[in-house]
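Let's take a friendly walk through a protein model. Have a look at the structure below, and then we will go through some of its parts together.

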Amino acid sequence: MKILNSWLNDFGAFGNDAEKLAAAMTGLGLAVESVSIVGTPVKGVVVAKVLRTERHPDAEKVHRVYVDAGDGKELHIWCGAFNMKPGDLIPLATLGTTMPDGRMITPRGILGIESHGMLCSGTELGLTTDSDGILILPNDLKLGSDLFSSLGIKSDCVFDLDVTRNRPDCNGYLGVARDLGARLGVKIANPSGDKTKKGPVRSMKVTIADKNRCARYNMTVMSGVVVGESPNWIARRLTNCGMRPINNVVDASNLVMLELNQPTHAFDAEKVNNGFKIRCARPDETLLTLDGQVRQLEATDLLICDGKDAAIGLAGVMGGASTEISKQTTAVALETAWFEASGVAQTATRLGLKSEASMRFERGVDPHGIDHAVSRFASLLRESCPNLVVHSGGADVKEKTLAPKQKIVNLRVSQLTRILGAKLSPKAISVMLAKIGFVTKSTSSSKSATLKIAVPSWRPDCETEIDLIEEIARHYGYENLGKIVPQSTMHGRLSTVQQRRRDIREVVLSMGLSEAMPNPFLAPGDLVKAGLLEDNAIRLANPLVYEESVLRTSLRPGLLKAMSFNLSHRATNILLFELGHVYPAGSEKSADGLPDEYESLCLVAVGETSALALDWWSQLSSVMGFGAQLDQASVESGYHPKRSAMLRRGKQVLGCVGEIDPRVLAHNQINTSVACLELNLSVLLAETPRVVAAKPVSRFPRSDFDLAFLVPNSQTAGAVLKVLRQAGGSELVDLELFDVYRGAGLPEDSRSVTFRLCLQASDRTLTDAEVTAIRQKCLDAAAKLGAQLRN
Amino acid sequence: MSEAIQAAKDSAMLAIKNAADLAGLRALSAELNKKDSPLNSFKSEMGKLASVDEKRSIGQMLNAAATEIATALETRSSEFADNEIAARIESESLDLTELLVQRRRGHSHIVTQATQRLEDVFIGLGFQIAEGPEVETDFNNFEALNMPKSHPARSEFDTMFLEYGEPGSVLLRTHTSPVQIRVMKSWKPPIYAIMPGRVFRRDTPDATHMPVFHQIEGLVIDRGITFAHLAGTIESFTKAFFGSEFTSRLRPSFFPFTEPSAEFDIRRADGEWIELGGCGMVHPNVLISGGIDPEEFSGFAFGFGIDRMAKERHKVEDIREMYTNDLRFLRQF
């Protein structure tokens, strides 16, 4: 909503201190998006008359315009706009004029012919926002006179307000003025209505079929209309508020809308057949709207029909072409109505016809402001139609659904204090509310009083106690409510899960990986390219683009893209990780109806093998205390089948470690191996780390020895390690695989695997016999797996 | 005889001095300690001396010579040892600059860094951190937040819906506010919580917007919480996070889930106001949705974007750059 300082002053003596006004509006919640100056006079621009125009054979884009600037002399001007004809008055920037954009007007011409000035458009002079050629001036201006003083234009300030949804009244000057007046102590007055006596009866029958959608419908016929241009001041106001002047009837309607937040629609009274009927559309009904388009209607669209039931307008959205005002119109039927908000919104949204009018109906207009709006329209139209007759006998249908002029909302003074912290007396509250038209119906000085507040009909948003509390807070001033830091009764800290998540990040960062944040939306096919199935992926119902229409079920596709991107930029040491959510579809029966979303961690390194991935796992598991077995029997799809392992604890899968499947790499333009570790953090972080009870350190000597086995390739080293641990029992306090050897001197289907064992008891020195016995048990266990002790 | 002793000693001392290395010195030492060494041979000749006085003086002289020689041997020996270790040290010389391996630490994403800094400030103010899923129900994202099905404000959220469950029932959360509902239901007051996380809007990416971005939300619910506590918390956060030269203000605004609602701005030392986020007193309907009696408890909520914090702190020109995953970008921070 654009608010002109000068126009605002029509409602009250607000003055011209733009900074003060902007601050007051901001303080009231009328956010000032921008403050700009319009209509600053440009010295040297005079009113001139077009004498004749002429083409030059060598100039295609410009023509020669000869004008008289008041002294009877013919001046020659080159001009690139062609919208003038002899006799038109136009603005001439004379030689030496400095234009608002800083250009100086000089005689510089083209083809060796000088130009004695420049003809100006409204935009060039800062008068209008459209730039459709040269500004054609009203005929009554004095030739040669200073343009700005003859138009009576003074510089003006425009406040561009971002009006929030809860303030429908502030989509009109009146609402803004009322709020500002209350804050600044300025008395406000409504703009004057039409004072001329009503003319003879011209009735128009109105029937409302759908009473929930239209609670009030006023139809007033006005004759003696001459359709033409609006008076200057009206056109200028509309222009400065970002609306295009059209003709005096439409402009008067728009001006009333800006002032009073009440849209109106003028039908050509002669073209309307037998009155009006307001009803919802029938299936298959169509309407040719003002913009020349045939609209397919639906049962939710509210229509204005004529007495013969033919649609002539879309209520609150757009008029029909058949009853449009034209140059020949002499009488208008003015519709001033209250249409239900959500219905208008639905139609306007469906047809893509959001307009200034539909926006206002959607937010809510004042059903009791209608009479004044009609009267104001007449007074404005009368300025250009002196013979205007406002006929009596129109229609003003009020349905039972019409909101009352005032509705009562209870306000507990104690509740106000409980929410705002400020202690206000009932008296102070009623004085404050009275300034914005809220009337206190019951008086009491008690702090425990419940006040009955009558809310005016222009504030449909104010329905409950908390709405009133907000009004009081706004007018009391947020800045006056104080600042107190609450004493939190909680202990501020990270939860165990959050602390452990940060610890994981630290470990991963210390291993040299940088954090990526790939798009969680994938293109169809991305999962397949990563070797994953797509059948548990969820699609977006309304994606921005097709390439981002699938929700990820794994972090790998995003990281594959990131690796491939960095490779294409010849990056080295590509080590990346992501910690984020993935969203595989769950069983539809899950209690909350949501997918099986979980938190995942994925680490990747280009040009590295599973050895690095295992090192990552080893570091993470030792720092975080994660435990898992490697299971190479079957691996997650998308991983190298022979160089990867699932991380399992029993049946539970904790993640996967190894290398990416070479086929996946090829699909992603990666021509080297990629190490990868993926963990389900939702499972791992949910585990509470065990608190370890201290065991006394053994004071008895330890016995260390190595065992080197010849292990067939079909058997994993991990399996041998596992049986050794079991065989060693509680005296085997340390067991580690420390060497693997393949090659000369060994059979091709086997390798040598060496373990270092450490035996120790906590309560005695182990005897040689005991050590020998344990060693033998280990050898026997290994032998069962085909591992033979080497000599 | 005394002259002969002196001469033998001098000769021994000279030999010690002239020893070429530790091995030579050891051989010399063995030579000198032999029974028939020149000096030792004098001992057997002692008996031939006539007077007691003479015996004593010669004896003392011999002892002194022996001590002197032993000390010289010792000194010379440790000289050789010192030289040897010094030579070894010299031979072990290393150029450490050759050996310095550039070990690269990884880089945390600037959005993560900003999130953690914000979390830490609020932890200091007595808040805990709550989390929730990114895929949400329409109920938690809208309905419970005082935006029933037909509410016009819903259209401002540019929601991305999923093809999952009933059409329109499951969506990508458009703000972190649904976590408020989850917290109210599971924690019970008093609640002093912040809720950082990823949110989604159907916005075409440009220099300042991404369809996937991050927000942090705060929620306080306790007995006796007023608007002044909201303003105080915002002020306290502003000074703790941005610096004590910053100040804050609230100006009226509108959100369906809070009332009274406000935008909050912060003011830099140079006087410029910067819009930061939205806040307000939790709407009674929202408290009811969360199972909390609005007549017993009151509270406030606030929220703002995290990405912008990171963008402005590091002077990133285009927010899209933060999500290219280009290592040349990531490694700067």
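Predicted model: local features only at pLDDT ≥ 70, side-chain atom pairs only at ≥ 80, totals over all residues.

Leaving aside residues up to four places away in sequence, Met563(A) touches Ile574(A), Leu576(A), Val604(A), Val606(A), Ile670(A) and Val674(A).

Met563(A) belongs to the largest nonpolar core, which has 149 residues. Together with Leu576(A), Val604(A) and Val674(A), Met563(A) touches the most other members of this core. Which strand gives the most to this core? That is strand S5 of chain B (residues 191-200), with 7 residues. Apart from this core lies another one, made of 91 residues, including Leu255(A), Phe267(A), Leu314(A) and Ala315(A).

## A pair of helices

Now find helix H13 (residues 496-510) and helix H16 (residues 610-624), both in chain A. They pack at an angle of about 145 degrees, and their axes are 10 Å apart. The crossing of H13(A) past H16(A) is right-handed.

On the H13(A) side, the contact is made by Arg500(A), Asp503(A), Ile504(A) and Val507(A). H16(A) brings Gln619(A), Leu620(A), Val623(A) and Met624(A). By class, this contact has 5 nonpolar, 1 polar and 2 charged residues.

## Where the chains meet

Chain B has 69 residues in contact with 73 residues of chain A. Helix H9 of chain B (residues 227-242) gives the most to chain B's side, with 8 residues. That side divides into 34 nonpolar, 22 polar and 13 charged residues.

## Domains of chain A

The domain assignment for chain A includes domain 3 (199-398) and domain 6 (703-789). How far apart are the C-alpha centres of these two domains? They lie 95 Å apart.

Technical notes:
Residues numbered from 1 in each chain as written. Chains lettered and ligands numbered in written order. Axes fitted to C-alpha atoms, helices over the stretch in contact; angles between N-to-C directions. Helix = DSSP H or I, 4+ residues; strand = E, 2+ residues; numbered from the N terminus. Left-handed = near helix turned anticlockwise from the far one by under 90°. Contact = placed C-beta atoms within 7 Å. Nonpolar A, V, L, I, M, F, W, Y, C, P; charged D, E, K, R; others polar. Domains from an automatic or database assignment. Core = buried A, V, L, I, M, F, W, Y, C linked by C-beta atoms within 7 Å. Buried ≥ 20, exposed ≤ 12 C-beta atoms within 10 Å, placed from the backbone.
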